[in-house]
Amino acid sequence: MGVRFAIATLALLAPIVASADPFDFEIAAPDEPMRGAVITLDWVHEVASRDQHVSLVGGGAVPATRRDGKLIFVVPHIDAGQRIAGRVVPLPYPDDFERITVESGEGTFSATVRAGDELLTRYWHKPEERKPYLWPLNTVGEVGVTRDWPMGERVKTIDHEHHQSVWTAYGHVNGADYWEYNERTGWQVSESVGWGSEDALGWIAADNVWVDANREPVVWESREYRFYAGDPERRMGDVDVTLPAEYGPVHFADTKEGGLLALRMHDELRERDLYIADLTARLEGASDQRLRLQRELSFVRNRAHETE
């Protein structure tokens, strides 16, 4: 099972060469090679919402979208030191790019993201749930890469029911817990959700209020998932999370329980079985570390038995 969903690093590259034609640009060359480089430029010029592309110097054209004063496009590959220049032109959508579409999902409280004709993911924000999440998260061929349980059917494990596919949470915010389920657990209440898609990308933008166990507001959150058009054999996206202190001081206490982008991998993708096999092989040839390896192997096997 090949995992082809990649989390992109957003490249904020400012234009460095002025041009008499406002639709021409040149940007800084990267120090390292980049695959699937997301380029975001400040862009004040009006462009149509559809069939706009960046024609690259040296050949090739990629879909582009102007949104919130930015021009956004994805360059499939950039070599280290490569000069990136081009211009915005109207062109038909390229055959070798897979378009992203975002639309209303199944039921009132979801949005659906598709890559071409395939389901990529759904965003759920049900009021009875403690937090919003993405589920399923699929790679090419609609193969799931995150665990279905507890939203769907169990494959192997049923541990950590707060692990809901792909989510954002933290374990100790002004004393409230948004990670595990206990007496301190609060809610991420969905205030608004919007979505859209154009040539270069699709997006889901949500505003949430994190409230404590007594339903008192603790912190405001703005979250945006972006999913990029591109190679049909590779899925790419990113997430932007902002947590302004709208309701007073906010203290994120020291804890390992948290993630702005947390994922629970599909049971078939976990490496525990491979880890046990590796420990067993190392134990056979060990001498001075034999006791430590025996304890580690026993611990891993016990944890595997508890969660299956």
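In the protein chain of this predicted model, 57% of the contacts between residues at least 6 apart in sequence join residues at least 24 apart. The protein chain contains two helices and 19 strands. Of its 308 residues, 45% are buried. The accessible surface of the protein chain amounts to about 15,600 Å², and carbon and sulfur atoms account for 49% of that surface.

Aromatic pairing was examined over the whole structure, and seven aromatic pairs were found. One of them is formed by Phe25 and Phe73, whose ring centres are 5.7 Å apart. The planes of Phe25 and Phe73 meet at 45°, so the pair is classed as tilted; the tilted class lies between the limits of 30 degrees for stacked and 60 for edge-to-face. Together with Trp43, the residues Phe25 and Phe73 form one aromatic cluster.

Another pair consists of Tyr123 and Tyr225, with ring centres 5.9 Å apart and planes at 55°, so this pair is also tilted. Tyr123 lies in strand E11 (residues 118–124) and Tyr225 in strand E17 (residues 217–228). The two tyrosines are 102 residues apart, and their pair links distant parts of the chain. Both Tyr123 and Tyr225 are buried.

Arginine side chains were also found over tryptophan rings. Arg67 is placed over the face of Trp203, at 4.0 Å from the ring centre. Arg130 is placed over the face of Trp187, also at 4.0 Å from the ring centre.

Gln164 is located in the loop between strand E13 (143–144) and strand E14 (166–170). Its relative accessibility is 3%, so Gln164 counts as buried, the limit for this class being 20%. Two polar contacts of the Gln164 side chain were identified: one of 3.3 Å with the side chain of Glu129, and one of 2.9 Å with the side chain of Tyr181. When neighbours within four places in sequence are left aside, Glu129 and Tyr181 are among the residues in contact with Gln164.

Gly141 occupies the loop between strand E12 (133–139) and E13. The relative accessible area of Gly141 is 46%, and the residue is therefore partly exposed. Gly141 and Glu118 are separated by 23 residues in sequence, while their C-alpha atoms are 7.1 Å apart in space.

Met34 is part of strand E4 (residues 34–42). With a relative accessible area of 24%, Met34 is partly exposed, because this class begins at the 20% limit below which residues are buried. Met34 and Asp79 are 45 residues apart along the chain, and a distance of 6.5 Å separates their C-alpha atoms.

Technical notes: Residues numbered from 1 in each chain as written. Predicted model: local features only at pLDDT ≥ 70, side-chain atom pairs only at ≥ 80, totals over all residues. Heavy atoms only, no water. Helix = DSSP H or I, 4+ residues; strand = E, 2+ residues; numbered from the N terminus. Buried < 20%, exposed > 50% of the residue type's maximum accessible area, 1.4 Å probe, protein only. Contact = heavy atoms within 4.5 Å. Areas by Shrake-Rupley, 256 points an atom, 1.4 Å probe, with all protein chains shown as cover. Polar contact = N/O pair within 3.5 Å; in protein donor to acceptor, adjacent residues only side chain to side chain. Phe/Tyr/Trp six-rings, centres within 6.5 Å; stacked < 30°, edge-to-face > 60°. Lys NZ or Arg CZ within 6 Å of the ring centre and 35° of its normal.
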